[in-house]
Amino acid sequence: MQTDIDPRSLIGRKAFDRQGAKIGTVDEVYLDDATGVPEWAAVRTGLFTRDAFVPLEPSEFVDGALVVPFERALIKDAPDFGVGRHLSPEQELQLYRHYGLDSSPSPSPSPSPGPGPDRDFGRLAGHEE
């Protein structure tokens, strides 16, 4: 995703899947707690006014619309956490897994003890202990 885009400018924009099918309209944008970088968008699908969470990376902002590089069916089947609330680390991990994305962008220099997914999220969000 282009990092110079103001996340507020995405709200109200149309969102399309990788084949150009309309998914819906961007309802909210969620920022990473540690970096403030836009990370997820909630797209109102129109299906029972449900919002589907989509990753902003590797999505693109093209001609005033958000283009999400996944199939419409996968997007509409994304876990529903409701909008207007903070996404927990566990919810974010569920979304990363749903889209088949790696939740840890930089490889760990050495294996970490304990449960991997929670520690990977901590590195991603910058909450190292």
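Let me start at one end of the sheet: strand 1, residues 14-16, pairs with strand 2 in the antiparallel sense over three bridges. Two strands count as paired here if DSSP finds at least two bridges between them. One of these bridges joins A15 to G24 in strand 2.

Before going on, some ground rules. This is a predicted model, where local features need pLDDT of at least 70 and side-chain atom pairs count only at pLDDT 80 or more, while totals for chains, interfaces and linings use all residues. Residues are numbered from 1 along each chain as its sequence is written, and side-chain values use heavy atoms, with hydrogens and water left out.

Now the overall layout. The protein chain has three helices and six strands. From the N terminus the order is β-β-β-β-β-β-α-α-α. Of the 129 residues, 37% count as buried, where buried means under 20% relative accessible area, exposed means over 50%, and partly exposed lies in between, with a 1.4 Å probe and protein chains only. The chain exposes about 7300 Å², and carbon and sulfur atoms supply 52% of that; the areas come from the Shrake-Rupley method with a 1.4 Å probe, and for residues only the protein chains shown count as cover.

In what order do the six strands stand? The order is 4-3-2-1-6-5, in an open sheet with mixed pairing. Strand 4 and strand 5, the latter at 60-62, are at the edges with a single partner strand each, so one side of each has no neighbour in the sheet. Neighbouring strands are turned by 40° against each other on average, direction ignored. Axes are lines fitted to C-alpha atoms, for helices over the stretch in contact, and angles run from 0 to 180 degrees between N-to-C directions.

Strand 3 is the one to follow from here. Strand 2, residues 22-31, pairs with strand 3 in the antiparallel sense over six bridges, and E28 has A42 in strand 3 as its bridge partner. The hairpin of these two strands has six residues between them, and G36 there takes a positive phi near 80°. With strand 4, residues 51-55, strand 3 also pairs in the antiparallel sense, over five bridges. R44 is bridged to D51 in strand 4.

Is strand 3 mostly covered or mostly open? Strand 3, residues 38-44, is mostly covered, with five of its seven residues buried. In the loop between strand 3 and strand 4 sits T45, which is buried at a relative accessible area of 12%. Leaving aside residues up to four places away in sequence, T45 touches I23, G24, R50, A52 and K76; contact means heavy atoms within 4.5 Å.

That brings us to helix 2. Helix 2 lies across strand 3 and strand 4, and runs at about 75° to strand 3. Its buried residues are Q91, E92, L93, L95, Y96 and Y99. Just after helix 2, G100 takes a positive phi of about 70°.

Which residue does the side chain of Y96 meet in a polar contact? The partner is the side chain of E39, at 2.6 Å. A polar contact is a pair of N or O atoms within 3.5 Å; within protein, one must be able to donate a hydrogen and the other to accept it, and residues adjacent in sequence count only if both atoms are side-chain atoms. Y96 belongs to helix 2, residues 89-99, and counts as buried because its relative accessibility is 10%. Its C-alpha atom is 9.5 Å from that of V54, 42 residues away along the chain.

H98, also in helix 2, counts as partly exposed at 21% relative accessibility. Among the residues that H98 touches are L74 and D77.

Last, the core. The largest nonpolar core has 25 residues, of which V26, W40, F53, V54, L66 and I75 touch the most other members. Strand 2, strand 3, strand 4 and helix 2 are the elements that give two or more residues to this core. A nonpolar core is a set of buried Ala, Val, Leu, Ile, Met, Phe, Trp, Tyr and Cys residues joined through side-chain atoms within 4.5 Å. As for V54, its contacts beyond four places in sequence include W40, L66, I75 and Y99.

Methods:
Helix = DSSP H or I, 4+ residues; strand = E, 2+ residues; numbered from the N terminus.
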